[in-house]
Amino acid sequence: MLQGTPERVRDYYDGHPISEAHVLAALAGQGLDGSLTADDLFEFDQDHYGGLAAVDILARRAGVGAASRVLDVCAGLGGPARFLASRRGSSVVALELHPGRVAGAARLNRLVKQTRVTVVRADATTLPFGEGAFDACLSQEALLHIADKPAVLGECHRVLGHGGRLAFTDWIAFSSLADRERQRLWEWMAATTLQTLEGYRKLLGRAGFVAIEAEDLSGEWRAIVRKRLELHRALRPRREMRFGHQHYVDYEQLHAFFVGLIEAGKLGGGRFTATRS
Ligand SMILES: C[S@@+](CC[C@H](N)C(=O)[O-])C[C@H]1O[C@@H](n2cnc3c(N)ncnc32)[C@H](O)[C@@H]1O
């Protein structure tokens, strides 16, 4: 079993290109300052595949509305949480472990005067909330970082009220993913204990969820990651100038490895929805 996940996750996100500084620089680059709204940030503050449409699908699957108490598990810079608060009027707790992202999410909330989102720093495997505190738990592209999947799913079950909904997307493994490839995914992007679609179904059932649905998003994600790799290559001169030659090359090699796994049908994406009984 892979140990030390929180430390590895912190290192990975310390060097991640999506950061508060990146969002602020992108806004400045567009000449945006002064009175900003959450909408101005959406192009830069979402750290998952499929953009706002993907958040919207999860929200629909989880029945999120203005009266919903929503927990965004592993919320990053709070982009999806601000989207739910501003478009659906929900009250959202954005739970995140990385200290820089927690501070960044809170500052971005203040920047756009988003008062319906509260940022909480905690580990998703030990949620600091009481039983039944939420109507919906959402999460995007984050459980891959958590070794103890039963713990995080069990915690989501505990903090949801009866009939509450869990909806999340995550990386999934297929049986042909080799151990050495799993190891490289761990070393590169702190991905651990990747599940199959069926594996997640079983874990959700064991955590006490019912009405479990699992959808394979691999085809959709394959096209997105291929496009990102091509964009990285097309922007080579600019990226080499900004990050240095070696950083460009390392990222290109790792990303190509990652895209190769997806195109070979070894890795993919899944969307899961379930109800707390
Ligand atoms: C790919 S980002 C997704 C962020 C956000 N869901 C979004 O879509 O913009 C994954 C996030 O999970 C957070 N994370 C990883 N392990 C965590 C844990 N055990 N508890 C809370 N957050 C965690 C990381 O720090 C990172 O911000």
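Colleague: Which residues in α8 do Thr5, Arg8 and Tyr12 in α1 meet?
Modeller: In this predicted model, the axes of α1 and α8 come within 8 Å and cross at roughly 60°. The two helices are therefore oblique to each other. On the α1 side the contact is made by Thr5, Arg8 and Tyr12, and their partners in α8 are Trp186, Glu187, Trp188 and Met189.

Colleague: How do the residues of the contact of α1 with α8 divide by class?
Modeller: The contact joins Thr5, Arg8 and Tyr12 of α1 to Trp186, Glu187, Trp188 and Met189 of α8. Sorted by class, these residues are four nonpolar, one polar and two charged.

Colleague: Is α2 roughly parallel or roughly antiparallel to α6?
Modeller: Helix α2 (residues 20-29) and helix α6 (residues 99-111) have axes that come within 9 Å and cross at roughly 30°. Angles under 35 degrees count as roughly parallel. The crossing angle therefore makes α2, relative to α6, roughly parallel.

Colleague: Which residues of α6 make the contact with α2?
Modeller: From α2 the contact takes Glu20, Val23, Leu24 and Leu27. By class, the residues of this contact are five nonpolar, one polar and two charged. The α6 side consists of Gly104, Arg107, Leu108 and Leu111.

Colleague: Which are the edge strands of the open sheet?
Modeller: Seven strands form the sheet in the order β3-β2-β1-β4-β5-β7-β6, with mixed pairing. An edge strand pairs on one side only, and this applies to β3 (117-121) and β6 (209-216).

Colleague: How many bridges join strand β1 to strand β2?
Modeller: Strand β1 (residues 69-73) and strand β2 (residues 91-96) run parallel. Within this part of the sheet, Val73 stands opposite Leu95 in β2. The number of bridges joining β1 to β2 is five.

Colleague: What angle does the direction of helix α4 make with that of β4?
Modeller: Helix α4 (residues 51-61) packs on the sheet and touches β4 (134-140), β5 (160-173), β6 and β7 (267-276). Taking the direction of β4 as the reference, the angle is about 150°.

Colleague: Which element gives the most to the lining of the largest pocket?
Modeller: The largest pocket has a volume of about 1,700 Å³. Of its 39 lining residues, Pro17, Ile18, Arg228, Arg239 and Tyr251 are the closest to the centre. Elements giving two or more residues to the lining are α1 (5-14), α8 (179-189), α10 (218-234), α11 (236-243) and α12 (245-263). The most, six residues, come from α12.

Colleague: How many charged residues does the lining of the largest pocket have?
Modeller: The lining comprises 39 residues. Of these, 18 are nonpolar and 11 are polar. The charged residues number 10.

Key: Residues numbered from 1 in each chain as written. Predicted model: local features only at pLDDT ≥ 70, side-chain atom pairs only at ≥ 80, totals over all residues. Heavy atoms only, no water. Axes fitted to C-alpha atoms, helices over the stretch in contact; angles between N-to-C directions. Helix = DSSP H or I, 4+ residues; strand = E, 2+ residues; numbered from the N terminus. Parallel < 35°, antiparallel > 145°, perpendicular 65-115°, else oblique. Contact = heavy atoms within 4.5 Å. Nonpolar A, V, L, I, M, F, W, Y, C, P; charged D, E, K, R; others polar. Pairing = 2+ DSSP bridges. 1 Å grid on protein atoms, 1.4 Å probe; cavity = no way out; pocket = protein on both sides within 12 Å on 5 of 7 lines; lining within 4 Å. Points joined across faces, edges and corners; volume = space filled by probe spheres on them.
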